[in-house]
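Trainee: I'm new to this one. Could we go through it together, one question at a time?

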Amino acid sequence: MSIKKRYIACIIGLAISSQSYAAGYQVSEHSAAGLGRAYAGDAAFADTAAVLARNPAAMTLFKHAEVSTVASVVIPSVDIYDHSFDQGAKNIAPVSFVPAGYYIQPINDKVAVGLALFSNYGVTTKYPNDFNAGSLAGKTSLETFNFNPNIAYRLNPHFSIGGGVSLVYANAEFDRRLGALSLAVPNSQPSDNAINLKGTSWGWGWNIGALYELDQNNRFGLSYRSQVNLNFDGDFTDYLGPITGKPKNTVAANLALPLPAIAEFSGFHHLNAQWAISYSLQWTQYNKFKEIRATSSQCKPGFNGQAGTCLLKKENYKDTYRWAVGTTYTMNDEWTLRYGFALDQNAGQATLSIPDTDRYWYSAGATYHFNPDLSVDMGLSYIHSKKITFVEDNSTFTSRGKAYLAAAQLNYSF
């Protein structure tokens, strides 16, 4: 490809594919106890109030009110190598902090209510401002917060059901730079802005769950959390006037983005007084994520030929599964130990915004019980991501990644 044709291809790629498909990255950091077993059995375990993030029906297992607060930190190390420009970008995913909080209040021996405050989806990647592929990379950020009240009812000694509603707040920012396109633009630098989109959104969803207790030592959980449709209202700024023949301008724009539905089946089994095993299969409906489309009545027909469409990128996402197994060892009245392993499938074609790939979780954790009412959970995970080489807009990239997760959780019942 000649240099001139390469720049034209990059410009087209910028216009139709530069936005992040942020909903393609799922946040799992809901509890420290769950992290210690790689979240295996979380819809059935119910050892802390954080079970609300997975299965509201499990609230019927609580005999006293309980509150749990969680602080998680994600320390990723993701490096990208651009074969076309012989250039690398290190640590494109910054350190992230994920808070959560839960409260469960039994009303009587059949009814319980609860409140969960947590996040299911989010992503942040940030490349150097002078990265040559800046028109495809830049900064991609999505943060969501879920306000989720729930109620549960015990139908009989073996079977409970529960449900809730979710009010989700989200904010997003997508920023792209000229990168190598600057060579075709007089008096410009690779770090110069290309496009920027900032916006916020509110969305509603719902969740349901069921819990079946075979006996005191064996139970199964099944839960479903609905898709939440976000419609971001914000400002879209196009800095590409010198390239496209249009002036730089900022317009009010809308970006529709779904947070996919999630279903989970879990099992929990006490083998004896000390050992227990747990497992989970989680399904995420990513195939509902078909495109990135930013719209505005002020956007003229561009590279996609559609009036009113500022950006359009078709996506190739598929439903994914996550398998997890874990063990729990009760050492004594004070200490409980946990171990877990999980396989997390990638959601779709990797891009610079989200270089997604299969991930392998290796987890361990512990709980210290100060007394029957007060405990502290700690969890650690090492996540290994498969090396992947992918093509985006006729350029080839290789991604290598890993991450370290740590979480602490305080539980108090009263």
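Mentor: Gladly! Let's start with a term we will need: a residue is called buried under 20% relative accessible area, exposed over 50%, and partly exposed in between. Keep in mind that this is a predicted model.

Trainee: Is Tyr321 buried, exposed or partly exposed?

Mentor: Tyr321 sits in strand β16, which covers residues 320–330. Its relative accessible area is 34%.

Trainee: Which residues form a nonpolar patch on the surface?

Mentor: Tyr321 is one of them. Together the members have about 450 Å² of accessible area. The patch is made of Leu222, Phe265, Leu281, Tyr321 and Trp323.

Trainee: Is Ser68 buried or exposed?

Mentor: Ser68 belongs to strand β1, residues 66–82. Leaving out residues up to four places away in sequence, Ser68 touches Thr48, Ala49, Ala50, Ala100, Gly101, Tyr102, Gln409, Leu410 and Asn411. Its relative accessible area is 0%. Buried means under 20%, so Ser68 is buried.

Trainee: Which side chain does the side chain of Ser68 join in a polar contact of 2.6 Å?

Mentor: The side chain of Ser68 reaches the backbone nitrogen of Ala49 at 3.4 Å, but you asked about a contact between side chains. For the contact of 2.6 Å, the partner is the side chain of Asn411.

Trainee: And what is the distance in space between Asn217 and Tyr329?

Mentor: Asn217 is in the loop between β8 and β9, and with a relative accessible area of 36% it is partly exposed. Not counting residues up to four places away in sequence, Asn217 touches Phe268, His269 and His270. Asn217 and Tyr329 are 112 residues apart in sequence, while in space, C-alpha to C-alpha, the distance is 14 Å.

Conventions
Residues numbered from 1 in each chain as written. Predicted model: local features only at pLDDT ≥ 70, side-chain atom pairs only at ≥ 80, totals over all residues. Heavy atoms only, no water. Patch = residues over 30% accessible without salt bridge, like charges linked within 9 Å, V, L, I, M, F, W, Y side chains within 5 Å. Areas by Shrake-Rupley, 256 points an atom, 1.4 Å probe, with all protein chains shown as cover. Salt bridge = Lys/Arg side-chain N within 4 Å of Asp/Glu carboxyl O. Helix = DSSP H or I, 4+ residues; strand = E, 2+ residues; numbered from the N terminus. Buried < 20%, exposed > 50% of the residue type's maximum accessible area, 1.4 Å probe, protein only. Polar contact = N/O pair within 3.5 Å; in protein donor to acceptor, adjacent residues only side chain to side chain. Contact = heavy atoms within 4.5 Å.
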